[in-house]
Amino acid sequence: MAERLPPDKGEVIDRQRRFNFSFDGRPVRAQVGDTIASALAASGRSTFSRSFKYHRPRGLLCCSGHCPNCLVQVGDEPNVRACRRPAEPGLAVTSQNVWPTLDFDLMALLSLGAAFMPVGFYYKTFIRPPSLWPLYELVIRQLAGLGKVHLDSRAGLHFKQYLHYDVVVVGAGPAGIEAALAAAERELRVALFEEEPQVGGHLRYTDPGEELEELKQRLAGPAIDIYTDTTVLGRWEENWLSAVRENCLYKIRAGAVVVASGAIEQPFLFENNDLPGIMLAQAVQRLMTLYGVRPGRQAVVVTCNDAGWKAALQLKERGVEVVAVADQRTQTNCREAGLLRESGVQVLMQHSPLAAVGAKRVTDLMLRPHDGGAAVKLACDLVVMAGGFLPRSGLVSQGGGKLYYHEDQGEFLPGQVPAGTYVCGRVAGVHQLGAQKAQGRWAGQAACAYLGTGQAPTPFEAPVEEARGPLEQLPDVKNLFVCLCEDVTVKDIEDAVAEGYRSIELLKRYSTISMGPCQGRMCSMHSLRLCGRFTERTPGEVGTTTNRPPMVPVKLGVLAGQNMEPVRYTPIHHWHVARGARMMTAGLWMRPEHYGDPQAEVRAVRSGVGLIDLSTLGKFELQGSGVPDFLEKVYVNRWQKLEVGRVRYGLMTNDEGVVLDDGVSARLEDESYLMTTTSSGSDGIYNNLQWWLQSGWGEGVILVNRTEDFGAMNLAGPKSRHVLGRLTEADLSAEAFPYMHLREMELAGVSCRVLRIGFTGELSYEIHCPRAAALHLWQELLKAGEEDEIAVFGVEAQRVMRLEKGHLIVGQDTDATSDPLSAGMQWLVKLEKEDFLGRWALDRISTQGVRSRLVGYVMNESTVVPFEGEQVVRDGNTVGWVTSSRYSPTLEKSIGMCWVPADCAGPGSQITILTRDRERLAEVVELPFFDPEGHRLKC
Amino acid sequence: MLRSPLYDHLKSLGAEFVEEDGWLKASFVDSNCGVALRDLSHRRRLRVEGPGAAAAVATTKLTPGESASRKMGLVLCSRPDLFFVLGGEGEPQPKKNKPAVVVDITQGTAEILVDGPRAVVLMSRVCGLDFAEFAEGSLKTTSVAKTTQHVYRIDGGFHLIGNASLAEYLWKTLSEAGHDLELAPR
């Protein structure tokens, strides 16, 4: 039925370059520049999709990305608007929501049951009996939804980009272009956003002549950043806008915003108004002008404004027979009407569409005269509708602006607009080209003046417009669709109102009108007019629904953007990976969990020597005379008498006495200290310490974060002294370098700080060295330990050994309610100190007594190892939970730590752990499990 | 020889390494590109912190974000009590009764230069700053790809100075963000 028209100005297709793609498996010929929809239309296709509920055939309606009628699946991407997606060679396009085929869809039989599917039927139908819900769900899942999501699809690359401009203009129609030019003339940073591939707005398809060329030429002059194919999605506080272009989400900060987003042409309501071949005037103009596609052969144009006449004249000029033009108004003085009358086109003033006739495409249109006369039936294969405009005022509303209903124009127009926002063109209800340009210029200048550049222009006075919405005199028929997305009819709206849904917001939710893919762009004006009619209110009294971002559907990948999950690598990371270490995340750090057999790693350390990468430890230097006082305040234990070269374990709590972090600190020199923290607590503790330093405790203290400057490793095991001795001439004997001391020495040519401490309970040396030398030192230590069969060990082995030794891990064995008195660290807390963070709270807890305690336990059955987090139960009630649990290869027992009520925390108490849904007995024991006297550690 | 925190990654990208001042410095075949990433982690960086930091770097007039070229190197003011010294050779000298700590952070930090005609586009994909207001010779401490970086702008390029442990992540993230900007390592 459709075909290519002869070439004409304004075309975006290249007639010399053709290619093929497929639609439902059949080849489709396309020209370069075609959209999927224009190529399909040129190939003669009328039906593009099936409706959501009744599976009625649907054809092109708006051709501008607003309606749901051309949604298709492109490869593995569902719900692609065929009228916006450029056709590409080899593209595999398929129809959606049909069975078995688009042209022969058996699911259309659902329409026979329409009487049983009134508005809101699913709320009432699928709730009883409850036992049938699984069946309902199965059926609903089969029938509902559009398109198919392929779970193995690759997300592809998405990214976000921040943009900053003085003036952002949304919409590159005549008004928007003038606004951008006016702002750019005052040398501000200006961006112009346009969702279409080219600038020019409606001129591109209504009048692609000199006016358009002149605007384009002027636009090429000043420095304006033009973003085409880019849709502004929404607007938030402080002129914060978002926009999407392909896989990029722009986050835009604007000084002032000019909204020139245009208006969306509206359809008429009449019986079978959804048949293929019934199109909006702008759709046929786009098809003919941009893509050279003949939309039909015999057209009837129905209109309520001059835009319909313009479209009718374009149709006639491009060789389409215009059977008649039916105008709801009493008269029009537009130039096109005169020309059409002179050329003999039948003109029917004060006529409205009554019904369309046809099966898979419109064949006739019935027109009803307003004087009550007999209906007129006109044969046609194309009905062109110009039913008024819906201003695209979403960005105004989202910015806090208010709309008002303009009775004469039948449009909701921006009234009160937010500060720094200016509205121009069709969105402001201005439809005459000259006025649009003048208002655009005014808006651009006003935006500049708002930003303090140039004088404010005189207020713009909009001319009286003729455009207005359609008259609502509806026939009492069933197939009169208001919402094409959800197949909501006029009758559905009436029924919903009768059920009490009189508010437009409630009506929307109950009927689902405006909740489909078009998001109200084709139906919101009709629905609120109908709501007004059935509740005897004016549209202004009914009001609009709340406009929320995003303005168009957006892919989740675009919202997610580029995957940016920072990961931190130690200087030895690549060595671990190369040796097949299983890596794990610890905070942002990547750490080796183990190198294949964590139990063997434990045995190797206990019997010989092992090496672990501890570069992730927090490492701070504190300098100044005030450091001892500061340490006294931030730790619960004493620091004043720490001697140079000594190391002490410390515990930090917050004001509430809750355990924050632990680690060791050492005195390097008289006024110089080294503090270590847990790996994951490092950044938080640094910030916490800085906060206190800058809040009055900083006198004589300078805190420097050296975490990244040093690599660290721990050489542990009974043979560690022997191995370390091969790399230094320093005296490592227990007398010369005792437990809990620090020495500075050169190891394999690297200056290091060595601390005789360890988490494993073995003779250990924690070695800090300059970061860039860490790998070298690591390899030298391994070389030195070859004879002693040194093993590398990971976090898992370390955790087993620290559990055997009864050391707690802050954040694992403690949580946001754990205090050191309950956690078995009472020996560390010095309540007699003058003051420290958490002292008051801990003093109170000490007086009142603790309610629960962290204890060690041994499972009665050594083969049962509870999961961490499992419950400790008593008389069927949860009374505690397991925080650490491992099988100890050293003790050959299942051991762990758990929180239990204080009354069963004594050694020898029997507790019950609910693990894998079975109750298992365990005995509370004294900590540590291994080497309680610390002989191995201190030797 | 000292290795940059990016050594392993750049090696996997085909970098050649040359010795320079005790460091293995990566080099790539020069090519025209929209954005170039260059590893400058071998360059000396000092952190001068404390109430006497300004006196130690002899630039008491610098306000946060400003920089000045001195014999000891390029001095950048981050806070009134925190300065960075890039390159150069001399040591900042804390004054009596004006305490300051001078720390060599060359190994603990990485320095990545983002350069080229489309550097601003790349940076705007990983950082929310308004780069039109990011003057030459100025320093800002900000979030870049969700990491804290000290960003210094000179000759149109951006020097990102941040934790060494994050360098490889940052390099990879920048590379991915610039996949359509003709990005190349230099």
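Colleague: Hi! Where in chain A does A:Thr230 lie?

Modeller: Hello! This is a predicted model, and in it A:Thr230 sits in the loop between β11 (224-227) and β12 (231-236) of chain A.

Colleague: Is A:Thr230 buried or exposed there?

Modeller: A:Thr230 is buried, with a relative accessible area of 1%. The cut-off for buried is under 20%, so A:Thr230 qualifies.

Colleague: Which residues is A:Thr230 in contact with, leaving aside its neighbours within four places in sequence?

Modeller: Its contacts of that kind are A:Phe193, A:Glu194, A:Glu195, A:Ala243, A:Val244, A:Arg245 and A:Tyr250.

Colleague: Thanks. Now strand β19 of chain A: how many of its residues are buried?

Modeller: In β19 (residues 321-327), 6 of the 7 residues are buried, so the strand is largely enclosed by the rest of the structure.

Colleague: And which way do β18 and β19 of chain A run, parallel or antiparallel?

Modeller: Parallel: 6 bridges join strand β18 (residues 298-303) to β19(A). For a spot to look at, find A:Val300, which stands opposite A:Ala324 in β19(A). Between β18(A) and β19(A) the chain passes through helix α8 (residues 306-317), making a right-handed β-α-β crossover.

Colleague: What about β19 and β20 of chain A, how many bridges join them?

Modeller: There are 4 bridges between β19(A) and strand β20 (residues 346-349), and these strands run parallel. A:Val325 has A:Val347 in β20(A) as its bridge partner. Here the chain crosses through helix α9 (residues 335-342), and this β-α-β crossover is right-handed too.

Colleague: I clicked on A:Gly711. Which strand is its place in?

Modeller: A:Gly711 is in strand β39 of chain A. A:Gly711 is buried, with a relative accessible area of 0%. Beyond its neighbours within four places in sequence, A:Gly711 is in contact with several residues, including A:Pro571, A:Ser615, A:Ile767 and A:His768.

Colleague: How many residues apart in sequence are A:Gly711 and A:Leu777?

Modeller: They are 66 residues apart in sequence, and 9.6 Å apart in space, C-alpha to C-alpha.

Colleague: On to chain B. How many residues of chain B are in contact with chain A?

Modeller: 42 residues of chain B are in contact with 31 residues of chain A. The area buried between the two chains is about 3,100 Å², and carbon and sulfur atoms give 58% of that. B:Gln107, B:Arg125 and B:Ser165 supply 19% of the area that chain B buries against chain A, more than any other three residues.

Colleague: How many salt bridges are there across that interface?

Modeller: The rule finds 1 salt bridge across the interface of chain B and chain A. B:Asp130 forms a salt bridge with A:Arg189, with the closest N and O atoms 2.7 Å apart. The interface also has 17 residue pairs in polar contact.

Colleague: Which element of chain B gives the most to the side that touches chain A?

Modeller: That is α4(B), with 6 residues.

Colleague: You mentioned B:Arg125. Which residue meets B:Arg125 in a salt bridge?

Modeller: B:Asp180 does, at 2.6 Å from N to O. The pair links distant parts of the chain: B:Asp180 is in the loop between α4 and β14 (183-185), and B:Arg125 is in helix α3, 55 residues apart. B:Asp180 counts as partly exposed at 36% relative accessibility, while B:Arg125 counts as buried at 6%.

Colleague: One last pair: what do the side chains of A:Lys833 and A:Glu632 meet in?

Modeller: A salt bridge, at 3.2 Å from N to O. A:Lys833 lies in the loop between α23 (795-804) and α24 (839-848) and A:Glu632 in helix α19 (residues 627-634), so the pair ties together parts of chain A that are 201 residues apart in sequence. Both A:Lys833 and A:Glu632 are buried.

Definitions and conventions:
Residues numbered from 1 in each chain as written. Chains lettered and ligands numbered in written order. Predicted model: local features only at pLDDT ≥ 70, side-chain atom pairs only at ≥ 80, totals over all residues. Heavy atoms only, no water. Buried < 20%, exposed > 50% of the residue type's maximum accessible area, 1.4 Å probe, protein only. Helix = DSSP H or I, 4+ residues; strand = E, 2+ residues; numbered from the N terminus. Pairing = 2+ DSSP bridges. Right-handed = clockwise from strand over helix to strand, strands pointing away. Contact = heavy atoms within 4.5 Å. Buried area = accessible area lost by both parts, 1.4 Å probe. Salt bridge = Lys/Arg side-chain N within 4 Å of Asp/Glu carboxyl O. Polar contact = N/O pair within 3.5 Å; in protein donor to acceptor, adjacent residues only side chain to side chain.
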